[in-house]
Amino acid sequence: MNDEILLLKGNEAIAHAAIRCGCDGYFGYPITPQSEVLETLAALEPWKTTGMIVVQAESEVASINMLYGGGGTGKRVMTSSSSPGIALMQEGISYMAGAEIPGLIVNVQRGGPGLGTIQPSQSDYNQATRGGGNGDYEVIVLAPASVQEMADFVDLAFELAFKYRNPAMILSDGVIGQMMEKVVLPPIKPRRTNEEIARECPWASNGMGLKQRGVNVITSLELDPAKMEEKNHHLQQKYQAIRDHEVRFEAKQMDDAEWGIVAFGSAARISEKAIETAREQGIKAGLFRPITLWPFPIKEIGRLSHQLKGILVVEINAGQMVHDVRYSVEGRIPVTHYGRLGGIVPDPDEIVNALKQLQGLAK
Amino acid sequence: MKQEIIISGFGGQGVLSMGKILAYAALMEEKEVTWMPAYGPEQRGGTANVTVIISPEPISSPILSSYDTAILLNQPSLDKFQPKVKNGGTLIYDSFGIMDTPTRTDITAYKVDAMTTAAEMSMMKCFNMFILGAYLKIHPIVKVESVMKALRKSLPERHHHLLPLNEQAILKGMDIVTPLHLQP
């Protein structure tokens, strides 16, 4: 057996991947169901090997502001938490977006609102894809559906974050974080040297290259409204470029499908099983899985609505992504929602029943 | 052959680690696996359960509506999961503390007196390996050698002297599992 193939929890995979893809620093505070990220990093002691630092911060608010500082110097830095902790970070994420600071935030979602429950949920979809903090901004959101993707999306998120100078989020949940699967760890990528950072991040405020470029200022504040409007237009142009180039999705058994299930993350995995069962019963169903939740695959789902008779949106929440799907479909076909709340995860048979209800509705 | 398994019992019986060792053994044989635990407060003294899926093909849902095999180690687990065994599936239970034994006649039920046997042999720490042995007797989905390799990989080295004891428990578990004959 290849040594690089391991049986890992999703949370453990994130930690391994961070070290291997040249992450410079992690700042986090423990919370179920994501504590294994910090635990695994502490156990692996990357400061002894790659030089990556790992800090258990005093709070989530401290973590996100450490991310602001680290990212502002052009370093690849990340934090992770679960829903209530991510809620605390929203101010810092908005500041990062305003100051155009790259960084990776991992949310292993649990049920809410408030302190809620420690069980899995996808009820932070709106928060993740609508900014979440104040101001007109967007966060690049990747939704892994397997332990392998938990590992693979760490480097992808960093690449996107630095390409666009914007915070990126991995939006996972308690199912993907806690389950173990086979995972092939990503190739080792060394941490960037200070010279590489100076070259690739000429905007970074790190005290290097002062003679060549003058002082870099990292801030989200601008009191002159004309300049602030200009700044906002610049951000909006950047977001449009991300929408144009970075949409990611996966379609399964869609070629001959009459009925579509749109689902992300763990709900997509459960829906896949439901589709197997539905097909055994003669229902031609297929899966469309948005991988980027922002930017959302609007055009792709729009195109599908010309082929399908109806779409069932499966989410472990009360109906959040369903609004984006309806927006994409523009009323051409019926779109229904099925979800469980408060930490209950739907099982495949429940989804098959919801698919049958959609069929009834569409006839 | 694909196997969708639920293992359920009291916290502390080694339910999660038994599932992990089974999953690890399957990984050694280059099969696809998922291991999905109930990770709530039930680990701390209440009931604990884990869903393990082993398959030659990529696995879709880690969450299931019904199971090929249910391994049930206390009464609440038996009550909860007996109805969720697939028609023609397998139910394995430890008789210790069980008042209401399995009743379904469309599945095959097996009894394994692992708790009693482990106590008699002063091997309570290997309790879950007796159960794993019983399961592998009925569904030899992985080889015992692979389980031993998995144990060697997942146990810290300071516990490696216990490996022969674990193997003994697996083999004994294979001996003591018996079909439960129900009157239809």
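How much area is buried between domain 1 of chain A and domain 2 of chain A, and what percentage of it do carbon and sulfur atoms give? I took this up first, keeping in mind that the model is predicted.

**Entry: domains of chain A**

I looked up the bounds, and the domain assignment gives 5–194 for domain 1 and 249–362 for domain 2 of chain A. I then took the centres over C-alpha atoms, and they are 27 Å apart. In the contact I found 28 residues from domain 1 of chain A and 21 residues from domain 2 of chain A.

For the opening question I noted a buried area of about 2,000 Å² between domain 1 and domain 2 of chain A. Carbon and sulfur atoms give 55% of that area. On the domain 1 side, I listed Q122(A), Y125(A) and A143(A) as the residues that lose the most area to domain 2 of chain A. Together these three account for 33% of what that side buries.

I counted 3 salt bridges across the interface of domain 1 and domain 2 of chain A. I also looked at R130(A), whose side chain meets that of D324(A) in a salt bridge, at 2.7 Å from N to O.

Next I asked which elements of domain 1 of chain A give two or more residues to the side that touches domain 2 of chain A. They are helix 5 (125–129), strand 6 (140–142), helix 6 (147–164), strand 7 (167–173) and helix 7 (174–178) of chain A. By class, I put the residues of that side at 14 nonpolar, 8 polar and 6 charged.

**Entry: chain A against chain B**

I moved to the chain interface, where the contact takes 28 residues from chain A and 27 residues from chain B. The area buried between the chains is about 2,200 Å², and carbon and sulfur atoms give 63% of it.

I found 2 salt bridges between chain A and chain B. I also noted the salt bridge of K182(A) with E32(B), whose closest N and O atoms are 3.2 Å apart. For polar contact I recorded 9 residue pairs between the two chains.

Which element of chain A gives the most to the side that touches chain B? I found helix 11 of chain A, with 5 residues. The residues of that side of chain A divide into 14 nonpolar, 4 polar and 10 charged.

**Entry: strands across the chains**

I checked strand 8 of chain A and found 2 bridges joining it to strand 2 (residues 32–37) of chain B. These two strands run antiparallel. Opposite M180(A) I found W35(B), in strand 2 of chain B.

Notes
Residues are numbered from 1 along each chain as its sequence is written. Chains are lettered from A and ligands numbered from 1 in the order in which they are written. This is a predicted model: local features need pLDDT of at least 70, side-chain atom pairs count only at pLDDT 80 or more; totals for chains, interfaces and linings use all residues. Side-chain values use heavy atoms; hydrogens and water are left out. Domain bounds come from an automatic or database domain assignment. Contact means heavy atoms within 4.5 Å. Buried area is the accessible area (1.4 Å probe) that two parts lose on being put together, summed over both. A salt bridge is a side-chain nitrogen of Lys or Arg within 4 Å of a carboxyl oxygen of Asp or Glu. Helices (H or I, at least four residues) and strands (E, at least two) are DSSP runs, numbered from the N terminus. Ala, Val, Leu, Ile, Met, Phe, Trp, Tyr, Cys and Pro count as nonpolar, Asp, Glu, Lys and Arg as charged, and the others, Gly among them, as polar. A polar contact is a pair of N or O atoms within 3.5 Å; within protein, one must be able to donate a hydrogen and the other to accept it, and residues adjacent in sequence count only if both atoms are side-chain atoms. Two strands pair if DSSP finds at least two bridges between them.
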